[in-house]
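Subject: Structure handover

Hello,

Here is the structure for you to look over. My notes follow below it.

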Amino acid sequence: MDKVPMLAEGYETLTAELKELRAERPQIVDAIEEARAHGDLSENAEYHAAKERQGQVEAMIADIENKVTRAQIIDPTTLSGDKIVFGATVTLLDDDDKPIKYQIVGQTEANASKGMISYSSPIGKALIGKSLGDEIEVTVPAGDKFYLVDKVEYI
């Protein structure tokens, strides 16, 4: 089984979501029982909606439990060096020398608008293993982009 790398914050978010979903289980069972009491199940929209929600919640719980059990929590503050690895915060310079800052995180934590990109994203893959001063090329839908690794931090 492969490990799922993530930051401590990502692990906490997953476990909180898991707790909420588990708390929803009894409410769904109650909704199913109430809908069953209305009679004919073949045309009972409330029953079908509650059963569908139950399936969704159970699938989400299984997925999150899988990720949590395989979690490999990485603390970037314990890392150092100028080589880019999981957890690194990287400042890149684009063609116009405009700085762009990204932190390399796990897939469940990725949020590009917050500057957190997955290690499996095109930019994440291009950055892993590179060092300070390296140039990288990334193919994105808009075409090829070139960046210079300006700073590598572990914060």
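Leu-93 touches Lys-98, Pro-99, Phe-146, Tyr-147, Leu-148 and Asp-150, leaving out residues up to four places away in sequence. This is a predicted model, so read every value as computed from it. Leu-93 lies in strand S3. Its relative accessibility is 16%, so Leu-93 counts as buried, the limit being under 20%. Leu-93 and Lys-151 are 58 residues apart in sequence, yet their C-alpha atoms are 9.3 Å apart in space.

Asp-97 sits in the loop between S3 and S4. Asp-97 is not a glycine, but its phi is positive, at about 60 degrees. With a relative accessible area of 57%, Asp-97 is exposed.

Strand S4

Gln-103 is found in strand S4. Is Gln-103 buried or exposed? At 15% relative accessibility, Gln-103 counts as buried. Neighbours within four places in sequence aside, Gln-103 is in contact with Leu-7, Pro-76, Gly-87, Ala-88, Thr-89, Gly-115, Met-116, Ile-117 and Ile-155.

Ile-104 is also found in strand S4. Its relative accessible area is 0%, so Ile-104 is buried. Which residues does Ile-104 touch, not counting those up to four places away in sequence? They are Ile-84, Val-85, Phe-86, Gly-87, Ala-88, Ile-117, Tyr-119, Gly-124, Leu-127 and Ile-128. Ser-42 is 62 residues from Ile-104 along the chain, and the C-alpha atoms of the two are separated by 49 Å.

The nonpolar cores

The largest nonpolar core has 17 residues. Which of them touch the most other members? They are Ile-84, Val-90, Leu-92, Leu-127 and Val-149. Five elements are named as giving two or more residues to this core: strand S3 (89-93), strand S4 (99-105), helix H3 (122-127), strand S6 (135-140) and strand S7 (143-153).

Val-90 shows the contacts in detail. Beyond residues up to four places away in sequence, Val-90 touches Ile-84, Ile-100, Lys-101, Tyr-102, Leu-127, Val-149 and Lys-151. Ile-84, Leu-127 and Val-149 are also on the list of core residues that touch the most other members.

Asp-82

Asp-82 is placed in the loop between strand S2 (71-73) and S3. At 41% relative accessibility, Asp-82 counts as partly exposed. Its contacts, leaving aside neighbours within four places in sequence, are Lys-130, Ser-131, Leu-132 and Val-152. Glu-12 is 70 residues from Asp-82 in sequence and 28 Å away in space, C-alpha to C-alpha.

The helix pair

Helix H1 covers residues 8-36 and helix H2 covers residues 45-69. They pack at an angle of about 155 degrees. Their axes are 9 Å apart. The crossing of H1 and H2 is left-handed. By class, the contact of H1 with H2 has 16 nonpolar, 2 polar and 11 charged residues.

Lys-51 is placed in helix H2. Its relative accessible area is 35%, so Lys-51 is partly exposed. Lys-51 and Ile-32 are 19 residues apart along the chain, with their C-alpha atoms separated by 6.8 Å.

Best wishes

Terms used:
Residues numbered from 1 in each chain as written. Predicted model: local features only at pLDDT ≥ 70, side-chain atom pairs only at ≥ 80, totals over all residues. Heavy atoms only, no water. Axes fitted to C-alpha atoms, helices over the stretch in contact; angles between N-to-C directions. Helix = DSSP H or I, 4+ residues; strand = E, 2+ residues; numbered from the N terminus. Left-handed = near helix turned anticlockwise from the far one by under 90°. Nonpolar A, V, L, I, M, F, W, Y, C, P; charged D, E, K, R; others polar. Core = buried A, V, L, I, M, F, W, Y, C linked by side-chain atoms within 4.5 Å. Buried < 20%, exposed > 50% of the residue type's maximum accessible area, 1.4 Å probe, protein only. Contact = heavy atoms within 4.5 Å.
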